[in-house]
Amino acid sequence: MATDFLNALILLANFVIVPGVAYGSQLALGALGITLVYAVLRFANFAHSDTMAFGTMSTVLITWWFQSLGISFGPLPTALLALPFAIIITIGVVLITDRTVYRFYRSKRSSPAIFVIASIGVMFLMNGLVRFIIGPDDQRFVDGERFIITARNFKKMTGLDEGLAIKVTQGLTIVIAVILVIALFWFLNRTRSGKAMRAYSDNEDLALLSGIDPERVVMVTWIITAALMTIAGTLYGLDKSFKPFTYFNLLLPFFAAAIVGGIGQPVGAIIGGYVIAFSEVSITYAYKKFLKYLVADDWAPEGLVQLLSTDYKFAVSFIILVVVLLIRPTGIIRGKVV
Amino acid sequence: MSYLIGKDMCGGYGGADILRGCTVAVDKGEIAVVVGPNGAGKSTAMKAMFGMLNLREGSVMLGEQDITRLSPQKRVKEGMAFVPQTSNVFVGMTVQENLEMGAYIREDDFTETMEHVFELFPALKEKRDQPAGELSGGQRQQVAVGRALMTTPKVLMLDEPTAGVSPIVMDELFDRIIEIKKTGIAILMVEQNARQALSIADKGYVLVTGENRFTDTGEALLASPEVRKSFLGG
């Protein structure tokens, strides 16, 4: 009986908890970028996920180049070595976009709606650029060790029927996300530039009266956002695979996470990321086997006990988004709505 | 010659002029108060002197320097500080962070200035780690004034600092403003509570439709039957 319970738990950990935490961390990093841009530049950046695809594409291309040169990172994916270069390229592209597109509207003090529409334009541009350079197909660029623990080793170690597999990419995602979040909060709460960013987001006019340079704040925000999205995109690509259309689709869960958590609130984006990820994973998981361990044999369910087919996983974010907007539009941590 | 002078100021927000040749001046270690009926252009005059409104005619002088064309940010660097009437604190940031942001342009060590502010407003020291948005109205105004003082300005401009606070809090705030004045700062403020404000003023300006109607010491204005009848309610 006790082993049945343990087996059920491991089964759940393997198919829901570990993938949920990894996916949640990826969403949290993406939603953080959206929330930062919203807090400082005061618009919803629709180009976010396609710029993320651009950043990831840069990582993929550099990784391939490194691989052809025979450079590797031992058991870790070579993509990690390519990542810093891809971040620099993405920062460059994002700053060029700001200078050529958004700065014009900022100087005119345009309404957020105009910024959103401009960002949709940028989205299409990035979208086309990525497909033009690397094509619309699925690209794999992961190398190195595949697993931290394989299901088979886990079974051997514990003697249980169920195995728990943890992929290197999942472990990396979680470790990197934790480091990035700590670094980001340290920056926002402890450094002069970070505080200036919060001040500018809090009260633009008073920030100007205090001598805070808005263009500098905006630049710092874009740099952080570009770094976050390149890292989030690369981690997602390593964990699954890189396909431009999948990245475009991530826009919905990103926004859902940012809004559920409270838009403009970094802590909210992180909470929102995990809420969305766990909702998606747990609603689309088939619980048949899990229940079989827990109930008497003749009570075992006949169906899959899957609430929703995985094809509909985006519906989950969408429904959560709509419900939150109807019931608590400010999100879990009260965000501000411009 | 006063330290800060807005001379013969004309201008508005496009369309008709709101300021029609008014002059406002304040010297170091002095409180100047601008009063007048609604729509007289009091706040507009303050904004013009801080560079938040372009003047069509007239000039603003700070010491020997003509600052008419300087942006508000540059005026902050020249030693001017402004406390807006509303949203004058960073609500999501702690009291201490608000003060730090006030000192943003300073490259040197500002802990001493912060201690001065805490001496002036002891209540803020206790609440230094609380978000400014959670404070009472009076304490928020203290944060707002404290933030402005962090640059150690030579001129402090206050736009209706006592709007919406209780009479007790107002008295206390005025006491503090007198203390600030004694450190040699020039203080220029716009006030709705004309009687109380004039009673602490060294100089008073009564503006009507963008023009100077009466200019005198605070005491003399309070004593003047004409001013009393038309602006102070008898």
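Trainee: What makes chain B a chain with domain 1 and domain 2?

Mentor: The domain assignment of chain B gives domain 1 as 4–79 + 153–231 and domain 2 as 84–143; such bounds come from an automatic or database domain assignment. Keep in mind that this is a predicted model, where local features need pLDDT of at least 70, side-chain atom pairs count only at pLDDT 80 or more, and totals for chains, interfaces and linings use all residues. Residues are numbered from 1 along each chain as its sequence is written, while chains are lettered from A and ligands numbered from 1 in the order in which they are written.

Trainee: How many residues does each domain of chain B bring to the contact?

Mentor: Domain 1 of chain B gives 12 residues and domain 2 of chain B gives eight. Being in contact takes C-beta atoms, placed from the backbone, within 7 Å of each other. On the domain 1 side, the largest share, four residues, comes from α7(B). The centres of the two domains, taken over C-alpha atoms, are 23 Å apart.

Trainee: Why are β2 and β5 of chain B said to stand at the edges?

Mentor: Look at the order of the open sheet in chain B: β2-β1-β4-β5, with antiparallel pairing. β2 (19–26) and β5 (65–66) have a single partner strand each, so one side of each is left without a neighbour in the sheet. Strands here are DSSP runs of E, at least two residues, and helices are runs of H or I, at least four, numbered from the N terminus.

Trainee: How do you know that β1 and β2 of chain B pair?

Mentor: Strands pair if DSSP finds at least two bridges between them. Six bridges join β1 (residues 4–11) to β2(B), so by that rule they pair. B:Gly11, for one, stands opposite B:Leu19.

Trainee: Why is helix α7 of chain A called largely enclosed?

Mentor: Eight of its 11 residues (192–202) are buried, so the rest of the structure largely encloses α7(A). Buried means 20 or more other C-beta atoms within 10 Å of the residue's own, exposed means 12 or fewer, and partly exposed is in between, with C-beta atoms placed from the backbone. Among the buried ones are A:Met197 and A:Tyr200. They pack against α1, α6, α8 and α9 of chain A, together with α3 of chain B.

Trainee: What does α7(A) give to the side of chain A that touches chain B?

Mentor: In total, 12 residues of chain A are in contact with 18 of chain B. The largest share of the chain A side, five residues, comes from α7(A).

Note on methods:
Contact = placed C-beta atoms within 7 Å.
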